[in-house]
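Subject: Structure for you to look at

Hello,

Here is the structure I promised to pass on. Please open it alongside this message; my notes follow below.

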Amino acid sequence: MKNEKSTATPFWRDTRVIPILLQILFVVIVVIVGTFLFTNAMTGLDRLGIKFGFDFLSNTAFFDIGEKEIEYTPKDSYFRAYLVGIVNTIKVGIAGIILASIVGVLVGISRLSNNWLVRKVSTIYVEIFRNTPLLVQIFIWYLAVILQFPKIEEEMNLGPFFISNRGTALPWFDATSGSLLWIIFSIVGLIAAVVIRSRLINKQIETGKITHPGLWSIAVFIGTLLLALLITRSAPFTLDYPSINGRLYEGGYTLTTGFQAMLLALVVYTSTYIAEIVRGGIQAVSKGQVEASKALGLKNSTTMSKVIFPQAIRIIIPPVTSQYLNLIKNSSLAMAVGFPELVYVSQTVLNQTGRAIENITLVILVYLTLSVITSIIMNIFNKKFQLVER
Amino acid sequence: MKKSILVLLSVFLLASIALVGCSSSEESTESSVLDQIKDRGVLNAGINGELPGFSYLDDGDYVGFDVDFAKAVAAAILGDANAVEYSPLTASERFTALQTGAIDLLSRNTTWTTSRDVDLGLNFGGVTFYDGQGMMVRADSDVNTLTDMNGMIIAVETGTTTELNLADQMAKLGVSYQPQTFDNQEAAIAALEAGSVDAFTTDKSGLVSRLSTMADSDQYKILDDTMSKEPLGPVVAGGDDKMADLTRWVLNALIQAEELGITSENVDSFLSSDDPVIQRLLGTDGNLGEQLEVSSDFAYQAIKQVGNYGEIFERHLGEGTVFNLDRGLNDLYTNGGLLYSPPFR
């Protein structure tokens, strides 16, 4: 500080100081509010004689969970019960994201179709399912659709598939001794096929000779699979067909009623949002691109898949990421139809232990982690597609 | 320049510490739940709200066994049985509502267990209804006992002791089953009616009550097996003995009144009784009300305005009602039941 400057501007009007002061003020307010809320909660717990801590997670759960992808019995710990719930959330999340994306893209493109019927049907689909609450839709799927399937005694039998209001049973893969080798070989084959295809395409562009990249890559892939068959001398997997034993399905893989209702509701609901994003993305690609493709004599489908969609996807990815995050978070409504995902498990644990703050903290952390992971994956995709831009 | 920023920063931090200090010191001088109820003039009671016989809406008012107990407590504290604000709560909401002070009294078919009493920071005020867990199946199914239930899907409510008992009992009997858990009974019943699940389990009183509201009630039967002890009782927040004591002694007063033959109709004639036991109960002698920090006639008010235990039971669950429940364990010890009030002295 120099003496002649001290009279110039007081610090509260100095633009170099004001931003710093405001930031300090903000931090202080956050700290005060945070500390107040924390001490308030702690005093409240203290008054009731409840100790804060996560030790309870190692206690025995004593409750059973209907649908589990990992081993779990009532003798396991609360922590294990949480894992079952998290796996179920991830299961419905991944299946929902994949199906919602497919349906969403199809509906989004249909919205711009030249065919009057296709356009109108997709518009009605979007307007109905986007404008009604998700919870209501879940109940409708569950009560009016899934529960109205035939009873298990008079089940519908479509080939190896069984459909009843106990769930839908599908044939499922059973690993054999050679399964691991098969997986390794198919991954190697896939990589080799992709590498060969891009090399051949480059060669074709450079030399102008027709090199048949598609044919060659398929040949390489099939070749590796044949090699795998020669080495393992067994099928990659055996199919486990479901059957009905009494009133339960046996074998195969059963999609439970709660899971079906939840998945249907999530896919239909989220796909409408994705469809609108896709439509917006396509419409944002300048009209000149279509006209240029037409001038080059490209087919409509080629124009869409090679010219329009690659440009639209850049606009589509960021908002679709938000929809994926929404889908994962919306899966918490599954409690209503008895699908045991994360929130369901945490509610049950909360009821047994009364640890409200700890359980809610856990749920927040898990959802946060899932969301961050999804965002990271989507950002990688985004980067990849953004690079195309010049 | 830098110095002044540092000074300001430290002032802010000091102020924030001081503020936080203030807020936590204010916490300790909080009044008891009982005083809060008196100041407010209303008792906040948590109930089920969807369980006929215990608490449900009838012509816009909540009525039932659990509702009447809340009314008795309100009459004892405030002298007015209708000074109650009801909050219908789901099984998974109920304890948090009590812990946070949103309600003063939980009168909602809640089973008294060790961990709830100790670990949840709650206080149980005795047992208002001795219940046991039962199982409801379709009448045309060939299930007659729990051991016939191998390979069946059983619907159960989230966050209840029934969920735990089911796992315990079936493990004991070696019956393999698949649980399907619902957050509300409506969805569970819909699944049972559609045949998506084979059975529904909850407290027997709950099953009887639920059966009374089902359209085709003759298509279902309740198995004779009782899977557990379910002592249902009123609950208050832990760490506040006054409210717990009062709740417990209101319940005892209702039981004592039945034992002494005091009803809402004849209670006035007992006011002039020479029996010191009756005098102490009705507050014409002694200072029991003062000890509980309510008016001396708290038991009189509860009995006069709501009725004794037997009256409440008969009004909502007994012979004259659709449930037609037998008193069974919920009878006075003199009649072979479990109701026994400690002495008022």
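A residue is called buried here when its relative accessible area is under 20%, exposed when over 50%, and partly exposed in between. Please keep in mind that this is a predicted model.

By that cut-off, helix α13 of chain B (residues 298-305) is mostly covered, with six of its eight residues buried. Those six are Phe298(B), Ala299(B), Tyr300(B), Gln301(B), Ala302(B) and Ile303(B). The cover over them includes α3 (65-78), α9 (241-260), α10 (267-270), α11 (276-282) and α12 (288-291) of chain B. After α13(B) comes Gly307(B), which has a positive phi, near 110°.

Lys304(B), also in helix α13 of chain B, is paired with Asp268(B) in helix α10 of chain B, 36 residues apart. Their side chains form a salt bridge at 2.9 Å, N to O. Lys304(B) has 33% relative accessibility and so counts as partly exposed, and Asp268(B), at 35%, is partly exposed too.

Where the two chains meet

In the contact between the chains, 49 residues of chain B and 46 residues of chain A take part. The two chains bury about 4400 Å² between them, and 61% of this is on carbon and sulfur atoms. One salt bridge is counted between chain B and chain A: Asp198(B) with Arg166(A), where the closest N and O atoms are 2.5 Å apart. There are also eight residue pairs in polar contact between chain B and chain A, both residues being at pLDDT 80 or more. On the chain B side, α1(B) gives the most, with ten residues. The residues on that side comprise 23 nonpolar, 19 polar and seven charged.

In soluble globular proteins, nonpolar side chains tend to be buried together. The largest nonpolar core here has 79 residues, and Phe63(A), Met136(B) and Phe200(B) touch the most other members. Helix α8 of chain A (residues 257-284) is the largest contributor to this core, with 13 residues. Leaving aside residues up to four places away in sequence, Met136(B) touches, among others, Ile189(B), Leu192(B), Phe200(B), Leu207(B) and Met214(B). Asp198(B), the chain B partner in the salt bridge with Arg166(A), is also among the residues that Met136(B) touches. A second, separate core has 58 residues, including Ile37(B), Val236(B), Leu246(B) and Ile278(B).

Helix α8 of chain A also holds Thr270(A). With 2% relative accessibility, Thr270(A) counts as buried. Its contacts, again without residues up to four places away in sequence, are Ala100(A), Gln323(A) and Leu327(A).

Other salt bridges

Over all chains, 19 salt bridges were found. One of them joins the side chains of Glu69(A) and Lys91(A), at 2.8 Å, N to O. Glu69(A) is in the loop between α2 (18-48) and α3 (78-110) of chain A and Lys91(A) is in helix α3 of chain A, so the pair ties together parts that are 22 residues apart in sequence. Glu69(A) is partly exposed, at 37% relative accessible area, whereas Lys91(A) is buried, at 17%.

Another salt bridge is between Arg248(B) and Asp245(B), with the closest N and O atoms 3.3 Å apart. These two are separated by about one helical turn, because they are three residues apart in helix α9 of chain B.

Regards

Note on methods. Residues numbered from 1 in each chain as written. Chains lettered and ligands numbered in written order. Predicted model: local features only at pLDDT ≥ 70, side-chain atom pairs only at ≥ 80, totals over all residues. Heavy atoms only, no water. Core = buried A, V, L, I, M, F, W, Y, C linked by side-chain atoms within 4.5 Å. Buried < 20%, exposed > 50% of the residue type's maximum accessible area, 1.4 Å probe, protein only. Helix = DSSP H or I, 4+ residues; strand = E, 2+ residues; numbered from the N terminus. Contact = heavy atoms within 4.5 Å. Buried area = accessible area lost by both parts, 1.4 Å probe. Salt bridge = Lys/Arg side-chain N within 4 Å of Asp/Glu carboxyl O. Polar contact = N/O pair within 3.5 Å; in protein donor to acceptor, adjacent residues only side chain to side chain. Nonpolar A, V, L, I, M, F, W, Y, C, P; charged D, E, K, R; others polar.
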